[in-house]
Amino acid sequence: MFIYTVKRFALAGLILIVAVTAMFLMIRAVPGDPVSIMLGPRATPELKASLIAQMALDQPIWKQLLIYYGGLLRGDLGIDVFSGRSVVEIVFQQLPYTLEMITLSVVWSATLGIALGAYAAANPNTMIDRIAAAVSVSFVAAPAFVVALLALLIFAVQLQWFPAIGAGEGFWGRLNHLVLPSFAIGLSWVGYIARLVRASMLEVLGEGHIRTARAFGISERRIIMSYALRIAILPVFTVIGVGMGFLLSSAVFTEIVFARPGIGKLVIDSITTRNYPVVMGTVLVSTGLFVLSTAIADLLNALLDPRARSAK
Amino acid sequence: MSDTLLEIDNLSVDYETERGDLKALRDISFDVQKGEIVGIVGESGCGKSTLISSILRLTAPNTRFRQGEVRFKGDDILTKTERQMRDLRGSDISIVFQDPMQTHNPVLTIGRQLVDIQHRSKATKAQKLDIAAKMLAAVGIPDPQARLKQHPHEFSGGMRQRIAIAMALMSEPDLLIADEPTTALDATLEVQIIERLKDLQSEMNCAILFISHHLGVIAELCDRVVVMYAGAVVESGDVREIFHDPKHPYTRRLIECDPGHIKTRARILPTIPGEVPDLANLPDGCIFRDRCEQATDRCHQVPALEKLKEGHFAACWLNHHEEAAT
């Protein structure tokens, strides 16, 4: 298990290096001169030249990349050209808002999705199974930004049950502000996870070891809860791990709709202002988040499935 | 009567399918006495598995019990509630399945699974683990305490089948059903497992219903044999009787085709020509008629399972001819 963990994180590091390099080159390919945008049309050539030198934009691209990696190793992602604050500080100030929103979305949608899927699989082709299927499919078909807008209109504007914008203060205030955004992000996941768990549960229930458990008189509830579900939920971890990219992109829309702080809003704002260091920093952190979540998903799988552990 | 453990009486079971009812079992009758080892032989698809799942009532949802009874200790199993059935499973009746690679839960330790099946016992977990270790030792697994902490994939196929036997015998059942327990194993292992099973059986004195298509194993292990063909019993009786004086042409051909019985070197192994009839669309008369070399006009009617002598039954018109001649 220890060797597997080390290997998995080494792979994660490698993926991160490739991703950062690709990102660095891509952002340089976006049209628009960052210096003119940052300084405005009336900047003096001297000022421009000094900023170019400060951002090392006069260096060849490979050298810029090396400089960037050098900073990265020291935990330095550069300086925000507008405010002069460190990018690390800016990003990590915004990150918790996004993380708490995503975490809450995943937790509620996975819990509900697993329960729905397991229940449907335990009672296949019953009325409840059919209703669950219909509900799941319509949930899957609802994109986060649509749900976000509708939820905003219905629950915040019309009914005024929950606040419409911002992130709130204090634990309960923040939680109250999280309800609608995480509902919007999680809703399609409920359907997705329910379908996934139902399918994998039905497959597991058809396996020989379940027949063994039944042949030894173990109760159906126990068979479902501790014999089948443990295997059937394994794909859920992988799907959520890989789905982190999707979750982050839903977070961008949702943060805009609810005017919440967070890295989604940060990245949009900094792209429109060509604020390279902040864009790079944000993208780097989200990529790191994605790589980390897939690694955690794999490790959880290995932890819960001894077969996967010894296969690698 | 008190010595009869399991009685199967005119049992007929269908599977409802889109092609119509598949008559998986027709008019099956035989019994198993206490402490007796009964073998069931027959080729794939003859209804052996349906028979086992009917005894345990672990049947597919499309299964329909059309007629007959399965009596265990005098009570009809088919009318029991699911709750009553669950109390029988794994305590009075237990089973060893065919494929040891599929028998155990892959994500739980062997110890956990061996403890879980003792769910009726009031013992503490440590006591249950002790019992589990003793059972593993009894089936010949070295270092059982350590191996309880391992997962199924860390055991070989033979080891897993030993564990399955340990699980099945843990509750000291009255009836052990062994569904081709050695088919998935290689020959040397097969002998070891059979020997072990035989020893444990004489220790615990449980009855065994042993399903196999390996005649050698049946001859070695069983007291009596039931020969099944296409969902029906064609012959049943004492092991020696059946092997030395088979009364049904199918049994005869089956014995001829067993590689263990072929004395001379042949270029082509003997087979029974033809195919098992379609169970959804049964032909008239004797089910073996199309493949039988000795078929006559009488075979257009279904022969009943007749008692030929004490403990020897066969369903074939040929035996009636002999009777008429003598």
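**Legends: annotated domain and cavities**

**View 1. Residues 6–255 of chain B in the predicted model.** Over this stretch chain B is 38% helix and 28% strand, with the end C-alpha atoms 27 Å apart; helices (H or I, at least four residues) and strands (E, at least two) are DSSP runs numbered from the N terminus. The unreviewed UniProt entry annotates residues 6–255 of chain B as "domain: ABC transporter"; such annotations may be inferred rather than shown by experiment. Residues are numbered from 1 along each chain as its sequence is written, and chains are lettered from A in the order in which they are written. In this predicted model local features need pLDDT of at least 70, whereas totals for linings use all residues.

**View 2. The largest cavity, about 70 Å³.** Searching the whole structure gives three cavities of 30 Å³ or more. A cavity is a set of points on a 1 Å grid over the protein atoms alone where a 1.4 Å probe fits but cannot get out, and lining residues have an atom within 4 Å of a point. Volume is the space filled by probe spheres set on the points, which are joined across faces, edges and corners. Lining residues of the largest cavity include B:H248, B:P249, B:C286, B:W317 and B:L318.

**View 3. The second largest cavity, about 40 Å³.** Its lining has residues from chain A, including A:H209, A:F216 and A:Y227, and from chain B, among them B:T103, B:Q113 and B:M167. Helix α9 (residues 208–215) of chain A gives the largest share of this lining, three residues.

Terms used: Predicted model: local features only at pLDDT ≥ 70, side-chain atom pairs only at ≥ 80, totals over all residues. Heavy atoms only, no water. 1 Å grid on protein atoms, 1.4 Å probe; cavity = no way out; pocket = protein on both sides within 12 Å on 5 of 7 lines; lining within 4 Å.
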